[in-house]
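Let's take a walk through this one together. Have the sequence and the 3D view open side by side.

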Amino acid sequence: MNNTEKMLDIKNLSVIYKTDLETVYAVNDVSLSLEKGATLGLVGETGAGKTTLALTLMRLLPERTGKVTNGSITFEGDSIVDLPEARMRKIRGDKIAMIFQDPMTSLNPVLTVGDQIAEALIVHNEKGLTKEQIDARVDETLTLVGIPPARKNDYPHQFSGGMRQRVVIAIALSCEPDLLIADEPTTALDVTIQAQVLMMIRDLRDRLGTSMIMITHDLGIVAQTCDNVAVMYAGEIIEVGTAEDIFTKSVHHPYTDGLFASLPNLKSKTARLQPIAGLMPDPTNLPKGCKFAPRCTKCMDICKEVPPEVFTDGTHSIRCHLYCQGKED
Amino acid sequence: MTENNAPARSAIDLLNDGEDINFKRPSQVKEILRRLKKNKGAMIGLFLLIFIILVVILADVIATYEVGVVQIPDNRLAHMSAEHPLGCDSYGRDVLSRLVHGARNSLLVAVAASISSCLFGCTLGAIAGYFGGKVDMLIMRALDIFMSIPDLLFTMVVVAALGSSIPVLIIAMTLAYFTNYVRLVRSGVLNLVDQEYVEAARAGGSSSARIIISHIIPNTLGIILVNVTLNVSSLVIYQSTLSFIGLSLPAPAPEWGSMLASARVDMLRAPLLVLFPALAIILTAFSVNLLGDGLRDAMDPRLRN
Amino acid sequence: MHRYIIKRLLFLIPTVLGVTLIIFFVMNVTPGNPGRMILGPNATAAEVEAMNEELGYNNPVIVRWFNYLKGIVTEGDFGQSYTTKLNVFDELWPRFLITLRLAILVLLLSVCIGVPLGILSAVKQNSLMDTIPTMIAFFLAAVPSFVVGILLMYVFALKLNWFPSFGLKSTRHYVLPVIAATICELSAYLRFTKSSMLESIRQDYVRTARAKGVAERTVIWKHALKNALLPVVTSIGMRFGCLLAGMVTTEQLFSIPGVGSLIVQSISTKDEPMVIGCAVMVSICFTLLMIGVDLVYAFIDPRIRAKYSKRR
């Protein structure tokens, strides 16, 4: 892989939330990269640090509590962590855009949806578009996401959940970003609408050639949309590879195995779904060895004491003692 | 004033984007107490409050009730002395005695009214929210009408009708403060009634009252507790207001508000007579506010972020 | 929109009915003896009885309530004072206006200072612009307004002699009472504006706006503020009602002939028609104000506006 192809490169990133009373270790030593036009799936349970990672990329962490303690993020040659706020604002919404999780709360209730879409265009109006041109662009974007442009003067409460999510997507797409971060774009929607919205996002990505990070806890969505997959647990990337590596190879991190075992399988007969026993570790007080050790069925003595190294096989990396040890044998 | 109705939250919520999730964590009550202990303001408030409660308990040891109510003309505006540590008022009554016995009246009425308004309001709110429909409409409409009478005005009317005594004051102040709880509990119940575990409890054959008490009340308990605490402070002020305008306990009962009202006549000659009861009111209300605020922060630390 | 206004105005009717009924009922929990009050201790029992009969006092509460309402609706008659024998409305109205004028002054000052301070301290959270006003407001929450009034009176009227300490004859007379009532009122406005603003800044749609690359200033003024003002408007309405009644301490302290001191005076003389008249008057004023608040609300919030404009 050539470094110049990477549009986004995250190296050893750590993020904490610190209040007077406690420190949450949300993202721990994460390294990831994304090529132009590719889609990365970021998978993990709620609370694994996926949204935190996304907000860090946008530099939208809560000002007083969220802090990047280590690492770097390079996006199209700019270091996101150190960029002055004014430059960062130019990137936000224009180069990197984000689709938020909950369409019911992500739209401002007292502004029309047209105004909310136009806002990003007005803020990033470098081409000097006229009012009419911006208006036309709003109509175009609305049509793109399947909403009649006539509805742009309506307020968010006049739309259903699925339609609102389309508006949120329209806001994100209005400036044709280079990188689109979709943070569980379908979790808040009904199952039937989920498929529609997902298909739409995929089509738009293909049509506009946007790179994408798809954050989800649904492996089905990953299989349908992503080129690469990263599995996150307790703030760490525990396994990363191409979609093929994750879905077809037999060597996996025990947590990834657990995720697959907890899915229903239509092809083979499954007697009973296997949930992963136990709870996520307390993020203010993470285990000192492998973070997954307390819940791992294949836990060894070393797992409780020493954080595992990354085992790499081509494009496929796993952070687990099982494979590092196998190498030594 | 209920500024935020959020349940217990922590820095962890920042990670989860506000979603509920189970981590392996110490129990909620322990967690809240731990945060409360770390809050300096709340601890100062608690300390002051314990001091005030001790004064109330030991009132008779500190100064007898009689010297505070019996008028001795020779002692008019007497200066501080061993016999009268804080001097005497314009009727020759011992100020220290009036102050400590006034504390007893103030706190008794405020705490009792705060608790009874909570019980009354919560019951009404639970009934309205749980039964819904016509019952809810009737209660809420009546409440709307009731709330069009300003609190203080209604309290004055009650006192005018029933005369002034400790039970009447408690009733009048209960009626002035219960409305918040009705809305609070009603909306809490409305939010929870649809949730699955209440469905499950109902399907399991639990009675309505049982469901309310065992499922719904504990869920709003945190906010209610903060409200009860903070209301004690505003009730202390409320009662001193009534007493200042002469509608609280009849003379010569010692009360901070009436002490102020009578002291202001001789303010130029004896400004300290105004200072003592004023400080007593402020200190009491302030320490309760400190504790209540700390309690709210401990339950919802996001407010302080 | 018209529908909404009419609907809200119609709510005035059950409110006035309810308010008078509640007050009538409470005033009659214990039986009084107005005949004795009016005629004094020297009148004979028969004379007292005749007086009670004449006043209609021997009728059941409901009947008297009905007659009272009939008097208000048909002749604008709020009854006759037991003590002064004058028409209640004539005596009440000028005093009510005084209280109203004071309360409006206090309201304007508190809103104009308290709300911007609240917004500022939320926006500049944890800076000096936040901590100092917040700490002062927190302290003032524990101070009754009459204590502030006494302090101001002591310093500026008695010691320095800059302002008069009682009455309401000139503009100078207004200064101390208005400031005394404003200081505590203002701190309450600061507190609820700040908490509403903080709540609003924390909402997802504010994050959406930031994610668009919108400048922080626009995020605050365009996205957060409008939403934050909704609860503030309601709180202002609610507090104004309390303020109208709460002016009583200021009136008592500065010897101002307002409606509050009239009630206190009427209570001590057991002048029932006067108490009821004052209470009804203040409550009606409060209800009208809340209707105004609802209309402002509908103006700001498209969710409410849309609910009523559709059916037009």
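Below, we go from a sheet to a single residue, and then on to the other chain.

First, some housekeeping: this is a predicted model, where local features need pLDDT of at least 70, side-chain atom pairs count only at pLDDT 80 or more, and totals for chains, interfaces and linings use all residues. Residues are numbered from 1 along each chain as its sequence is written, while chains are lettered from A and ligands numbered from 1 in the order in which they are written.

Start with chain A, where 4 strands form an open, antiparallel sheet in the order 2-1-4-5. Strands here are DSSP E runs of at least two residues, helices are H or I runs of at least four, and both are numbered from the N terminus; two strands pair if DSSP finds at least two bridges between them. Strand 2 (23-35) and strand 5 (78-79) of chain A each have a single partner strand, so one side of each has no neighbour in the sheet. Strand 1 (residues 6-18) and strand 4 (residues 66-75) of chain A run antiparallel, joined by 8 bridges. On that strand 4, A:S72 sits opposite A:K11.

Now find A:V222 in helix 7 (residues 219-225) of chain A. A:V222 counts as buried because 23 other C-beta atoms lie within 10 Å; the cut-off for buried is 20 or more, with 12 or fewer meaning exposed, anything in between partly exposed, and C-beta atoms placed from the backbone.

Over in chain B, there are 14 helices and 0 strands. Of its 305 residues, 49% are buried.
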